[in-house]
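Please look through the sequence and the three-dimensional view before reading on.

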Amino acid sequence: MLTGCCDAERIEQIAIDTNMFSVDEVGCFDKMLSGFFDSSLADHRWFVVEDSRGRVIAAANDAPEPFADRMGNLYSIAVVAEEQGRGLGDLLIEHVERELRSRGDAVARVLIVEASSTGQYVRTREFYRNHGFGKVARIRQFYGPADDKVVFWKSLAESAQRVTSVRKIAFRSGVVLVRGSDNVPRPPLMLQELQQFP
Ligand SMILES: CC(C)(COP(=O)(O)OP(=O)(O)OC[C@H]1O[C@@H](n2cnc3c(N)ncnc32)[C@H](O)[C@@H]1OP(=O)(O)O)[C@@H](O)C(=O)NCCC(=O)NCCS
């Protein structure tokens with residue numbers, strides 16, 4: 001079970017390395033993580049994928065959107081560069097959606113996710129569209145003078161999942177079985193939810 005500062009540091013490092021945030025902006029991300037661990041952000045959830053050595057290689061975080069009606073926000077999702085494109089992002093986003101659906105529509109109806117409009121995030125925006133998110137809003141200059149915020153929206157009632165042509169990942173009870181590009185099975189990974197300090 002994962003708890004504590006080392007996981008937080010590792011997740012923060014992944015966020016910086018994948019350019020989700022610059023080192024200057026990471027303070028906000030830091031507050032989200034520390035708020036989770038000190039329970040001041042108790043409604044946030046963090047899911048991580050660990051490799052066979054227990055090293056976090058991917059993470060995602062969602063929480064209910066304040067002032068909204070049963071709407072979740074996928075605040076962050078990131079996979080270490082060397083593992084990108086192997087289905088871990090698919091696994092995490094589908095897991096977040098599944099978890100939200102399991103709570104029923106009295107709790108969660110809609111999931112949103114936000115991305116930068118810049119060229120650097122073309123594939124990220126494509127990733128969300130491939131997962132059935134529709135672009136619903138654009139807030140000009142949100143992240144900077146030439147950097148808008150694009151908001152993607154998905155109804156959790158419509159459970160259409162991305163259809164992947166080759167699925168290299170199988171997932172059961174937290175264990176993730178992955179095949180390498182050579183089709184040889186790799187050591188199993190683990191997907192788990194981070195726990196707050198007791
Ligand atoms: C976006 C991200 C989470 C997707 O996870 P992933 O494990 O790389 O993606 P998957 O293997 O599950 O799915 C692959 C699809 O994701 C998209 N994708 C986005 N970025 C990608 C990348 N760097 N490498 C490969 N695929 C990427 C493509 O649409 C791809 O589809 P394709 O295989 O048909 O080309 C991951 O690439 C990442 O961490 N990117 C940097 C951080 C980021 O942008 N986070 C979101 C902040 S808003």
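The model is predicted. Its sheet is open and consists of 9 strands in the order 5-6-4-3-2-1-9-8-7, with mixed pairing. Strand 5 (134-144) and strand 7 (169-172) stand at the edges; each has a single partner strand, so one side of each lacks a neighbour in the sheet. On average, neighbouring strands are turned by 25° against each other, direction ignored.

Arg-138 stands opposite Val-150 in strand 6.

Two helices can be described against the sheet. Helix 3 packs on the sheet and touches several strands, among them strand 1 (45-50), strand 2 (56-64), strand 4 (110-116) and strand 9 (189-193). Helix 4 lies across strand 4 and strand 6. The table gives their directions.

| Helix | Reference strand | Angle |
|---|---|---|
| Helix 3 | Strand 3 | about 160° |
| Helix 4 | Strand 4 | about 165° |

Which residues come nearest to the ligand? Of the 19 residues around the ligand, these are Gln-84, Gly-85, Gly-89, Asp-90 and Arg-123. Strand 3 (71-79), helix 3 (88-102) and helix 4 (122-130) are the elements that each give two or more residues to this shell. Helix 4 supplies the largest share, 5 residues. Sorted by class, the shell contains 8 nonpolar, 7 polar and 4 charged residues.

Terms used:
Residues are numbered from 1 along each chain as its sequence is written. This is a predicted model: local features need pLDDT of at least 70, side-chain atom pairs count only at pLDDT 80 or more; totals for chains, interfaces and linings use all residues. A residue is near a molecule or strand if its C-beta atom, placed from the backbone, lies within 6 Å of it. Helices (H or I, at least four residues) and strands (E, at least two) are DSSP runs, numbered from the N terminus. Ala, Val, Leu, Ile, Met, Phe, Trp, Tyr, Cys and Pro count as nonpolar, Asp, Glu, Lys and Arg as charged, and the others, Gly among them, as polar. Two strands pair if DSSP finds at least two bridges between them. Axes are lines fitted to C-alpha atoms, for helices over the stretch in contact, and angles run from 0 to 180 degrees between N-to-C directions. Two residues are in contact if their C-beta atoms, placed from the backbone, lie within 7 Å.
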